[in-house]
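Q: Please walk me through this model. I want to learn how to read its features, one at a time.

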Amino acid sequence: MDFGGIRRKWLPVRNYGLALVFACAPFSAASAQPAAPPAPIAISARLDAGVRETKLIFVLNDCVKAESYVLDHPARAIVDLPEVNFQIDPTAGLKPPEPHKRHARPTTETSGQVSNLVTSYRFGRLAPGKSRIVIDLSGPAEMVSATCAPAAPGISELKLTLAPQAEGAFRTAARAGAEKQAAAAPPPEAAPQVGADDIKSPADGQRPIVVLDPGHGGVDTGALGRDHILEKFLVLDFAKVLAAKLRENGHYQVVLTREDDTFVPLGERVRMARDLHAALFVSLHADALAGGGDAVQGATVYTVSDRASDAEAARVAEHENKADSAAGVEAREDASDVNDILFDLTRRETRAYSHVFARSLSEYWKVAARLNKNPRRSAGFVVLKAPDVPSVLLELGYLSNEADTADLTSPAWREKAAAQVARAIDSFFAPSQTGTSQTGTSQAAKTAASAHDGALKATQSSGN
């Protein structure tokens, strides 16, 4: 079975043939520049629960400098590192879904004791040159120490020591942690746009820009399914197949919000689509239910709304909107909602286009794959809130369902399902539906570009 890239992500790294590469490479001024040193490799992790302290220990081939702090709502300990190559099962510290405990290994490797302080932990790439460990806490706690020291020749241990803390002291420390993180964060405009270097904003005669958004990534694993299947790998694989199909006909400029296993904040995903004047934004996810969710299956297409269409849509939106929190990113005030007539008209028009595409996507999808019994829903998804970019969120299926998991991990199914999504996108931009000429530039693309300008003006005027 294809596990959506999970196993290939944590196989040991070997540098076979490195000497041959250097021997055969032609000398040049560029090749004379010293290569960047390889990232330290994390080999294993274990949780040691003592009477008063709990230690989370990562074994690496070299020491790293660790910056630690705590955050609340929920209670988490954050450890920021330079980039680390985590060659560890990415599910090692995750809490498995309740109905599938029989499929899962223990959530942590312990020294024979159970930690009442650490409920789970995650690790991964946060950004180029940066990695992060996020430790979920059962209650107030302090990071007593975060130290790295040699343990044997070629082996170092990063020891993260936690202990319970009084509520008031923890809240004070959490506020300081949030301030520390905010001070270290680059301004949004300084964030790089993945894969967008050669993209130009659409104008008459240019190809519309389609942004594909594989959810989660890096330290944010997304849903955990049967047999340790992780959402973040599955949706990235699907996005790459879909991107290839869209690029085959040359009708679109296609951008992925992430090209690899890297975390991208929700706001940055939205900003990328807006800055590119995208004509369509498709966010890709996979769900998992606990507590008897095996019977629920099939894909669901979501659009944004101020009020959730039903309880299930509200649950999914709440889960997806916690992606930043899962990656240890402190929530910031959202100033994107503007009470302005022009802004509101733009948003309404954009949402109308989103609903048109959602209906088309569900019709094309059912030709190749299963739909949920209620396949079109809506809720307040942060990632769909661009007021000027038609946007949908496609839940490909449920990792808690055996049939859906078999499909989602099948390359053949992925090809078939991605082909139907590509056809739905073709239909959305088809001249026959938009009443435009055969130039390949649809009214949807033009509307997205003009809507962006209108929303921008409304936002700027509201700030004056």
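A: Start with contacts. Two residues are in contact when heavy atoms lie within 4.5 Å. The model is predicted. Among contacts in the protein chain between residues at least 6 apart in sequence, 78% join residues at least 24 apart.

Q: How many helices and strands are in the protein chain?
A: The protein chain has 12 helices and 15 strands.

Q: What share of the residues counts as buried?
A: The cut-off first: buried means under 20% relative accessible area. By that rule, 50% of the 464 residues of the protein chain count as buried.

Q: Now helix packing. At what angle do helix 4 and helix 10 pack?
A: Read the angle between the axes, then their separation. Helix 4 covers residues 231-248 and helix 10 covers residues 411-429. They pack at about 55 degrees, and their axes are 9 Å apart. That angle makes helix 4 oblique to helix 10.

Q: What is the handedness of the crossing of helix 4 and helix 10?
A: The crossing is right-handed.

Q: Which residues make the contact?
A: Helix 4 contributes Leu 234, Asp 237, Phe 238, Val 241, Leu 242, Lys 245 and Leu 246. From helix 10 come Trp 413, Arg 414, Glu 415, Ala 417, Ala 418, Ala 419, Val 421, Ala 422 and Ile 425. Sorted by class, this contact of helix 4 with helix 10 holds 12 nonpolar and 4 charged residues, with no polar ones.

Q: Next, cores. Which residues touch the most other members of the largest nonpolar core?
A: A nonpolar core joins buried residues through side-chain atoms within 4.5 Å. The largest one here has 41 residues. Leu 212, Phe 238, Leu 246, Phe 357, Trp 365, Leu 394 and Ile 425 touch the most other members.

Q: Which elements give two or more residues to this core?
A: On the helix side, they are helix 4, helix 8 (341-368) and helix 10. On the strand side, they are strand 10 (209-214), strand 11 (253-256), strand 12 (280-287), strand 13 (299-304) and strand 15 (391-398). Helix 10 gives the largest share of this core, 9 residues. Another core, of 31 residues, lies apart from it; Ala 75, Ala 92, Leu 117 and Met 143 are among its members.

Q: Pick one core member. What does Leu 394 touch?
A: Skip residues up to four places away in sequence. Then Leu 394 touches Ser 283, Leu 284, His 285, Ala 299, Thr 300, Val 301, Leu 361, Trp 365 and Val 421.

Q: Thr 300 is on that list. Is Thr 300 buried or exposed?
A: Thr 300 counts as buried because its relative accessibility is 0%. Its place is in strand 13. Beyond four places in sequence, Thr 300 touches Asn 372, Asn 374, Pro 375, Arg 377, Leu 393, Leu 394, Glu 395 and Tyr 398.

Q: Where does Glu 395 lie?
A: Glu 395 lies in strand 15. Glu 395 is buried, with a relative accessible area of 3%. Again leaving out residues up to four places away, Glu 395 touches His 285, Ala 286, Asp 287, Ala 299, Thr 300, Tyr 302, Val 316 and Glu 320. The C-alpha atoms of Glu 395 and Val 316 are separated by 9.4 Å, though 79 residues apart along the chain.

Q: Loops, then. Where is Gln 297 found?
A: Gln 297 sits in the loop between strand 12 and strand 13. At 31% relative accessibility, Gln 297 counts as partly exposed. The C-alpha atoms of Gln 297 and Leu 399 are separated by 8.7 Å, at 102 residues apart along the chain.

Q: Last, the backbone. What should I look for?
A: Look for exceptions. Most residues other than glycine have a negative phi, and most peptide bonds are trans. His 216 has a positive phi of about 65 degrees although it is not a glycine. Asp 227 also has a positive phi, near 55 degrees.

Q: Where do His 216 and Asp 227 lie?
A: His 216 lies in the loop between strand 10 and helix 4. Asp 227 is placed in the loop between strand 10 and helix 4. At 3% relative accessibility His 216 counts as buried, whereas Asp 227, at 38%, counts as partly exposed.

Q: Which residues does a cis peptide bond join?
A: The cis bond joins His 73 and Pro 74, with omega about 0 degrees. Pro 74 lies in the loop between strand 3 (67-71) and strand 4 (76-82).

Terms used:
Residues are numbered from 1 along each chain as its sequence is written. This is a predicted model: local features need pLDDT of at least 70, side-chain atom pairs count only at pLDDT 80 or more; totals for chains, interfaces and linings use all residues. Side-chain values use heavy atoms; hydrogens and water are left out. Axes are lines fitted to C-alpha atoms, for helices over the stretch in contact, and angles run from 0 to 180 degrees between N-to-C directions. Helices (H or I, at least four residues) and strands (E, at least two) are DSSP runs, numbered from the N terminus. Angles under 35 degrees count as roughly parallel, over 145 as roughly antiparallel, 65 to 115 as roughly perpendicular and the rest as oblique. A crossing is left-handed if the near helix is turned anticlockwise from the far one by less than a right angle, and right-handed if clockwise. Ala, Val, Leu, Ile, Met, Phe, Trp, Tyr, Cys and Pro count as nonpolar, Asp, Glu, Lys and Arg as charged, and the others, Gly among them, as polar. Buried means under 20% relative accessible area, exposed over 50%, partly exposed in between (1.4 Å probe, protein chains only).
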